[in-house]
Amino acid sequence: MSEHHIPTAALHRWVNDLWLAAGSDAREARLTAHHLVGANLSGHDSHGVGMIPKYVLSWQADELQLNRNVSVLHDAGSMLSLDANRGMGQAVTEEAMALAIERARAHGVCVMGLRQSHHLGRVGHWAEQACAAGMISIHFVNVLSKPIVAPHGGSEARFGTNPFTVGVPVAGAPPLVLDFATSAIALGKVRVANNKGVDVPAGCLLDADGVPTTRPGVMFPGEGEAQGALQAFGGESGGHKGYALAVMCELLGAAVTGGHTIRPETLTHRHAVWNNMLAIVFDPERLGTSTSFGDEVQAFADWVRSSRLLPGNDGIALPGEPERQRRRERAETIPVDSGTLAQLDDAAARVQSVRGTSPGPLSRLAA
Ligand code: NAD
């Protein structure tokens, strides 16, 4: 499948204009474009503009709600419970994180629960928001959508790709950001591989009979065919670790926040991906150790990087560095495969048919 290149600024404008056409206010359209294009810029095409067709279907089905704000369910100062009211994840989570950061400034720490957000995208984006304010943040997220990840030892999917994320600001240097799905790979990466017609690495997928496979198509079965499952991260000897972390994301992200865990009774929607998130945001300065922190990070990073390289590696990175490298590489243009481009053109046509206006097909901007 061929790959096209779209100027980054033009892609940003197109996404912004698409959501304005759908009815988002200027802030929501801007934040949504900034987040989705930002995910592509960071190298995570799985959580970039390729999610838009799903968002549009969810909006058409009256699942995703535009222009919602968070409402406060419970406020105990440093403990904050918020409902996202099924709003656009890119806008409601920005609002929720801003509140959590404000509380962490006041109290040193904020434990914030956010329930019922529409897909809140690349969770690292929210850790970066906290880091930009000088805060460390830890995120546990569950995913309410069709189950796609098998539990360790099981062959049938029982939960989602439950991301776990930690952001750590470093004075005078970029933050460290650990941000990954607890599945071997994110479903979006399977979607991208399927759209490109390429295999995924071994150890990521089981087919519908529970047999390991590299074919991404097992996650997108035809009518009447059974779906396969993603495996938790960790491979043959460590799959129990990804699985156990996924369980904690489910329970802390959803059960503790008053959101729903994933079960047939809680999966009553068709197109939406709902996320629930627990975020622990705190000010490291309030631990009184921040002056030595930057030095420790630097000294540790130097030590880690001094490890002799394995053949085929050209360096050792710290969490967050691959994303920064990608941002430099993609500053001017972003690659979009032709399958995703066709889906995005279809999404624009859907907005046009409902609202009578749209920015037109994205393929017009592709080279
Ligand atoms: P991934 O496997 O690409 O891992 C990314 C993490 O590993 C980053 O922290 C990155 O800095 C670090 N990393 C990568 N290569 C590295 C290296 N060589 N050295 C050091 N660190 C390295 O990520 P993923 O599991 O595919 O997840 C992709 C995105 O999907 C994440 O942003 C996640 O938040 C998002 N996600 C969201 C949802 C949702 O429902 N909202 C669900 C699942 C995943």
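**Exercise 1.** In this predicted model, work out which residues of α10 are buried and what covers them.

*Solution.* Start with accessibility: G339, T340, L341, L344, D345, A347, A348 and V351 are the buried ones in α10. Next, think about helix geometry: an α-helix has 3.6 residues a turn, so residues three or four places apart point the same way. Then look for the cover over those buried residues, which includes β1 (3-7), α1 (8-22), α3 (52-60), α6 (187-196) and β12 (333-337).

**Exercise 2.** Check the span of α10 against the expected value, then look at what sits at its start and just after it.

*Solution.* At the start of the helix, a side-chain oxygen of D337 comes within 3.0 Å of the backbone nitrogen of G339. Just past the other end, G356 has a positive phi of about 75°.

**Exercise 3.** Classify the ring pair F140 and F164 as stacked, tilted or edge-to-face, and say whether each residue is buried or exposed.

*Solution.* First, the total: the model has four aromatic pairs. For F140 and F164, the ring centres are 5.2 Å apart and the planes sit at 50°, so call this pair tilted. F140 is in strand β5 (residues 136-144) and F164 in strand β6 (residues 163-170), so the pair ties together parts 24 residues apart in sequence. Now accessibility, where buried means under 20%: F140 is buried at 12%, and F164 is buried at 13%.

Methods:
Residues numbered from 1 in each chain as written. Predicted model: local features only at pLDDT ≥ 70, side-chain atom pairs only at ≥ 80, totals over all residues. Heavy atoms only, no water. Phe/Tyr/Trp six-rings, centres within 6.5 Å; stacked < 30°, edge-to-face > 60°. Helix = DSSP H or I, 4+ residues; strand = E, 2+ residues; numbered from the N terminus. Buried < 20%, exposed > 50% of the residue type's maximum accessible area, 1.4 Å probe, protein only. Expected span 1.5 Å × (residues − 1). Contact = heavy atoms within 4.5 Å. Polar contact = N/O pair within 3.5 Å; in protein donor to acceptor, adjacent residues only side chain to side chain.
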